[in-house]
Amino acid sequence: MAELTERSAATAVRYGATPLVPLARVASDLALIVLGFALAYHVRYIREVGGEVSRSDFRPLGAFAPVIALLSAILLAIFALRGLYRLPRWTGFLDEAALVIGGALTGFGALVVLVFYSQHFYFSRLIFLYALVFVVALLIAKRVALRGTQAWLRARGRWVDRVLVIGAGPAAQRIMGALIGQPRLGYEVVGFVEDAPLPPDWAVVTQTRVVRPDHLGACRDLNEVIRRYAVDEVIIALQQTAHEQILWTVEQCRAGRIAFTLVPDLFELSLDRVEIHALNGLPLISVQDAGIRGWNYVLKRAFDIVFALGALALGAIPFALIAVLIKLDTPGPVILKQTRVGRGGRHFTCYKFRSMFRDADKMQAQLAQSAEYAGDRVMFKLRDDPRRTRVGRWLRRTSLDELPQFINILKGDMSVVGPRPAVPPEVAMYEPWHLQRLDVPPGLTGLWQVNGRSNLTFDEMVRLDLFYAEHWSLGLDLRIILRTIPAVLTARGAY
């Protein structure tokens, strides 16, 4: 028990649960505010940047001591009131930087009003502009350095909290996926405990991969698991119906002085955005559907059109060369037209460069019985498909056979980023939860493309598709596009 208490105390010091860390943050900000103003003084009064300073207008740095003290008090008060020193660890850098910039603008505005409406201060106005730039730059640079240091340490397993998840349902899977997929948060998921047997395909999806955390035992083994795996924090993600089990887990964590967090059963829904309001003191929770709709869809569609037009313009000559190679290699059409299933189950004609011999579809049933068959009951996959032509092998390995799909993107049948477009026979074999992948437009690339392509099972692919639909943003699309380049160049999972 003493060991657990010491470890919890160390964790509290690291992340600010004691006054020591916030005090250090305030002290370092104070030092940087003073340094920033001193640099501004040097630039304006010593280097005379912004115009010559006459002898009558010159002021020693000591004359600014009251101004520096007032500025420091104003800025630190604003930062504290805005919660800058008690941010949760999952706060993003841009959010933190926005707090710094907004607080600094407000603070300097208040300072200028006080100084220039006073009868006791006559200073160059430029020094305040320079001070604003230097102070903001130093405060943000400090936070960049701190985040970089934390990331470096956490990548080496230091300065992290070892987390145990209670449960293995949808809520637990989402929590584990979020923590594993964002190592910058400083959590190491040691595993989970669960009483019920798990299906063979149970897995957790992150933005970069599909993982299977360790099943460390049943819920009754909680105390032993905490001791054996040096757990710092417990996340309880059980169904609300498991009332007694939740209360028992909470009591065990309190008795062992282990930090714990309860995940509301709301996460069992396939909805990822929650807003909390208040009405006469009563909490009201509203949820938004995770699909790409409204202005999000308009933004995604606009991006698709611009990207597709650029790709078709730049790729006109390569397209023509590929067409000539296909025509010289084997008889048959250059462009293959296939029926695929798009958003909402709507069928459309998908265009690809032909990579197989004529009538290749007629051989599919026979090849599905081959020892080389790598697919599953839904998706056909064959590593060394004999139906491919010489040029087709190269096209498939480099994914160049899919370039005509930019025409589908322009038509609105597809998107640049999205789930893999399925053929109707596959959709006919979908389980109910698989159909959720049809809520978003199919894509030329996606998380399935950059996380293994044909090496993934169909269920793993669907989990990645659902993760994408629930976490969509234009930034996520851009990251996937950038990650597609090395995935295509290395031909990882392409066959």
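**Group meeting: a walk through one predicted chain**

Let me start with contacts. If we take the contacts in this chain with a separation of 6 or more, 72% of them are between residues 24 or more positions apart. Keep in mind that what you see is a predicted model.

Some totals next. The chain has 495 residues, and 44% of them count as buried. Its accessible surface is about 25,800 Å², with 63% of that belonging to carbon and sulfur atoms. In secondary structure, there are 17 helices and 12 strands.

Now a sheet. In general, strands of a sheet pair through backbone hydrogen bonds, and the pairing is either parallel or antiparallel. Here 4 strands make an open sheet, and the pairing is parallel. In what order do the strands stand? The order is β2-β1-β5-β6. The edges are β2, residues 187-193, and β6, residues 259-262; each has a single partner strand, so one side of each is left without a neighbour in the sheet. From one strand to the next, the twist averages 25°.

Inside that sheet, look at β1, residues 161-166, and β5, residues 233-236. They pair in the parallel sense over 4 bridges. To find a spot on screen, go to I166, which stands opposite I236 in β5. Helix α6, residues 170-181, packs on this sheet and touches β1, β2 and β5. The direction of α6 makes about 155° with that of β2.

For the other kind of pairing, go to β9, residues 335-341. Strand β9 pairs with β10 in the antiparallel sense over 7 bridges. One place to look is T339, whose bridge partner in β10 is T349. The hairpin of β9 and β10 has 5 residues between the strands, and in it G344 takes a positive phi near 70°.

Last, a single residue. D477 lies in helix α17, residues 474-490. Why does D477 count as buried? Its relative accessibility is 0%, and the cut-off for buried is under 20%. Which residues is D477 in contact with, leaving aside its neighbours within four places in sequence? They are K300, V417, Y468 and W472. With W472 there is also a polar contact of 3.1 Å, joining the two side chains.

That is where I will stop.

Technical notes. Residues are numbered from 1 along each chain as its sequence is written. This is a predicted model: local features need pLDDT of at least 70, side-chain atom pairs count only at pLDDT 80 or more; totals for chains, interfaces and linings use all residues. Side-chain values use heavy atoms; hydrogens and water are left out. Two strands pair if DSSP finds at least two bridges between them. Helices (H or I, at least four residues) and strands (E, at least two) are DSSP runs, numbered from the N terminus. Axes are lines fitted to C-alpha atoms, for helices over the stretch in contact, and angles run from 0 to 180 degrees between N-to-C directions. Contact means heavy atoms within 4.5 Å. Buried means under 20% relative accessible area, exposed over 50%, partly exposed in between (1.4 Å probe, protein chains only). A polar contact is a pair of N or O atoms within 3.5 Å; within protein, one must be able to donate a hydrogen and the other to accept it, and residues adjacent in sequence count only if both atoms are side-chain atoms. Accessible areas come from the Shrake-Rupley method with a 1.4 Å probe; for residues, only the protein chains shown count as cover.
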